[in-house]
Amino acid sequence: MSPPRRLIAHLDMDAFYASCELLRYPELRGQPVVIGGGRRHQPERGPDGQWRFARLGDYTGRGVITTATYEARARGLHSAMGMMKAAQRAPEAVLLPVDFELYRACSRRFKAAVAELAPVIEDRGIDEIYIDLTQVPGAQDTVGHDPLGGVRALAREIKNNVHRATGLTCSIGVTPNKLLAKIASELDKPDGLTLLMADELPERIWPLPVRRINGIGPKAGARLQAMGIETIGQLAAHPRADLVTRFGRSYGAWLHEAAHGRDDRPLVTDSEPVSMSRETTFERDLHAVRDRTELGRIFTQLCEQVAADLARKRYAGRTVGIKLRFDDFRTVTRDLTLPEATQDAAAIRHAAGLCLKRVDLSRRLRLLGVRVARLEPGQKRSIT
Ligand code: DCP
Ligand code: MG
């Protein structure tokens with residue numbers, strides 16, 4: 001028997017922080033609402049017991065919008081937009097400060113609601129997850145003439161369960177892999193459900209801009225644009241060898257595969273981490289000598305973050321590695337195996353520093369990453 005076809009879902013909550021806020025301020029439903037601006041602008045209760053909300057027009061400062069309701073988006077407001085600029089477009093929009101505690105609580109609840117129906121989940125952050133539906137009972141069933149009937153019903157059930165548990169809507173894409181699922185979940189937002197199989201790639205994916213592929217950021221997007229490549233279809237039609245020449249062996253080949261919708265990465269579930277890593281793409285490309293101080297600071301910080309991740313999940317690891325991406329998009333990795341597993345930031349920093357010495361650093365860097373692998377259960381922090 002052939003293995004079952006892969007059915008991978010990506011689920012992303014709709015206007016997540018804003019939707020969480022509307023749960024406690026339901027009177028704001030239907031209004032343009034933006035979240036941002038730190039902890040100022042808390043709503044206050046008036047003498048009549050009604051909440052008084054700050055308006056965007058009252059805002060002064062340099063803050064940016066964290067997220068916006070779809071009503072606010074209809075007025076041209078969006079994440080990362082400066083709030084003063086947004087205020088010119090929609091001074092009447094309600095402004096609420098961020099409350100991470102609330103969003104984290106909602107996040108835990110929606111993930112638990114999904115796990116009741118489909119336990120194989122990769123956690124991608126506060127408002128998104130991948131779900132492997134391949135082995136979920138009923139997912140492979142044909143319903144009537146619809147070969148996707150079973151998985152369609154399952155995805156609807158997941159959306160219903162999330163709504164029951166949280167009062168929030170989400171959008172789901174179901175496809176043969178993570179790469180396509182991530183694109184598909186955005187196609188019908190908010191409250192969307194998009195199923196898309198490999199034969200629909202030319203019709204539904206190729207017309208989209210290349211930036212929709214998770215992993216093609218602003219810089220790669222601009223370089224592709226300069227080559228006359230705007231859509232995923234144009235990228236798919238471009239000779240692979242030329243992509244490799246221009247973007248390096250690994251990233252160039254990946255661009256080609258991604259444009260053809262090919263991706264066999266498994267889900268990375270919490271129960272079995274292979275490694276823990278942190279990486280960052282710099283605001284501007286940095287040079288090892290000229291930007292030595294800044295680079296050193298970021299490097300140390302990444303090591304500290306990985307160490308904290310290890311400590312939190314109670315792991316230690318024997319292999320320490322680094323990842324660098326240069327301004328020409330070439331990516332190199334180096335690693336080093338220690339005699340004993342560690343979760344110590346200074347030890348990780350030292351080993352990562354030795355790895356760095358083995359790389360030619362004459363070009364500027366756009367990305368730096370630190371990774372600890374060969375994990376084993378670490379010491380529990382002693383109680384003193
Ligand atoms: N977020 C943030 N900074 C950004 C973008 C988003 O802090 N630049 C936060 C606020 C969002 C949450 O992360 O609510 C999830 O990000 P999404 O990109 O999924 O955006 P939303 O969930 O708000 O909207 P959408 O319906 O488009 O998914
Ligand atoms: Mg979202």
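This is a short chat about one predicted model.

Reader: What kind of model is this, and what pLDDT do local features need?
Author: It is a predicted model; local features need pLDDT of at least 70, side-chain atom pairs count only at pLDDT 80 or more, and totals for chains, interfaces and linings use all residues. Residues are numbered from 1 along each chain as its sequence is written, while chains are lettered from A and ligands numbered from 1 in the order in which they are written.

Reader: How many helices and strands are in the chain?
Author: The chain has 13 helices and 15 strands. Both are DSSP runs, numbered from the N terminus: helices are H or I with at least four residues, strands are E with at least two.

Reader: Why call the chain as compact as a globular protein of that length?
Author: Its radius of gyration is 23 Å, close to the 21 Å that the globule rule gives for 384 residues, so it is as compact as a globular protein of that length. The radius is taken over C-alpha atoms, and the rule is 2.2 Å times the number of residues to the power 0.38.

Reader: Which domains is the chain divided into?
Author: Domain 1 is 8-14 + 102-202, domain 2 is 17-98, domain 3 is 206-259 and domain 4 is 275-377. The bounds come from an automatic or database domain assignment. The centres of domain 2 and domain 4, over C-alpha atoms, are 38 Å apart.

Reader: Switching topic. At what angle do α1 and α4 pack?
Author: About 95 degrees, with the axes of α1 (residues 16-24) and α4 (residues 100-117) 10 Å apart. Axes are lines fitted to C-alpha atoms, for helices over the stretch in contact, and angles run from 0 to 180 degrees between N-to-C directions.

Reader: Which residues make the contact?
Author: F16, Y17 and C20 of α1 meet L102, Y103 and C106 of α4. Contact means C-beta atoms, placed from the backbone, within 7 Å.

Reader: Where does H41 lie?
Author: In the loop between β2 (33-36) and β3 (44-45). H41 has a positive phi of about 65 degrees, although it is not a glycine.

Reader: Does H41 count as buried or exposed?
Author: H41 counts as buried, because it has 20 C-beta neighbours inside 10 Å. Buried takes 20 or more other C-beta atoms within 10 Å of a residue's own, exposed 12 or fewer, partly exposed in between; C-beta atoms are placed from the backbone.

Reader: And R314, buried or exposed?
Author: R314 counts as exposed, with 12 C-beta neighbours inside 10 Å. Its phi is near 60 degrees, a positive value in a residue other than glycine.

How values were computed. Contact = placed C-beta atoms within 7 Å.
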